[in-house]
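Work through the exercises below with the sequence and the model open. Each task is followed by a solution in steps.

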Amino acid sequence: MNSYHSAAQEDRCGTRAPMRLAAKLRASGAPGFEVTVYDLSISGFCCDAVTGMKPGAICWVTLPGLSSLQAKVIWNDGSRVGCAFDHLLNVAVYDRIVAVHGTAPQSSVSNAF
């Protein structure tokens, strides 16, 4: 098991910031489409996506002010997908997104380590 995989699993217990953030999601080999991100952590996100993307599928999400971030679909319930970033989101970037777009009081993930 590589270090990212271990860290990503550990971070599922960390801060997940609820929000309603307009973003763009693109499945590998397909055109992108608009989505709403409902929660974000340094290891992944959950967004609406009525799509057939199956767990394990590679995708890219574009959050406001950032270039596309590669992720992998972890689950799909038919109306939302949960995805894990290929590389952990920088804590400062995460804190900034939460400060601007979060819908609940912010709690920095740096305290989770």
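**Exercise 1.** Where does Ser41 lie, in a strand or in a loop?

Solution. Ser41 is in the loop that joins strand E2 (33-40) to strand E3 (44-48); helices (H or I, at least four residues) and strands (E, at least two) are DSSP runs, numbered from the N terminus. The model is predicted, so local features need pLDDT of at least 70 and side-chain atom pairs count only at pLDDT 80 or more, while totals for chains, interfaces and linings use all residues. Residues are numbered from 1 along each chain as its sequence is written, and side-chain values use heavy atoms, with hydrogens and water left out.

**Exercise 2.** Determine the surroundings of Ser41.

Solution. Start with accessibility: Ser41 has a relative accessible area of 1%, so it is buried (under 20% relative accessible area; exposed is over 50%, partly exposed in between; 1.4 Å probe, protein chains only). Next, list the contacts (heavy atoms within 4.5 Å). Beyond neighbours within four places in sequence, Ser41 touches Thr15, Arg16, Phe85, Leu89 and Tyr94. Finally, a polar atom of the Ser41 side chain lies 3.1 Å from the backbone nitrogen of Ser43.

**Exercise 3.** How many salt bridges does the structure hold?

Solution. The structure holds 1 salt bridge (a side-chain nitrogen of Lys or Arg within 4 Å of a carboxyl oxygen of Asp or Glu). Asp39 and Arg16 form a salt bridge, with their closest N and O atoms 3.0 Å apart. Asp39 belongs to strand E2 and Arg16 to the loop between helix H1 (3-11) and strand E1 (17-27), so the pair ties together parts that are 23 residues apart in sequence. Asp39 counts as buried at 19% relative accessibility, whereas Arg16, at 29%, counts as partly exposed.

**Exercise 4.** In what order do the strands of the barrel run?

Solution. The order is E1-E2-E3-E6-E5-E4: 6 strands close into a barrel with antiparallel pairing (two strands pair if DSSP finds at least two bridges between them). Asp48 stands opposite Arg80 in E6.

How values were computed: Polar contact = N/O pair within 3.5 Å; in protein donor to acceptor, adjacent residues only side chain to side chain.
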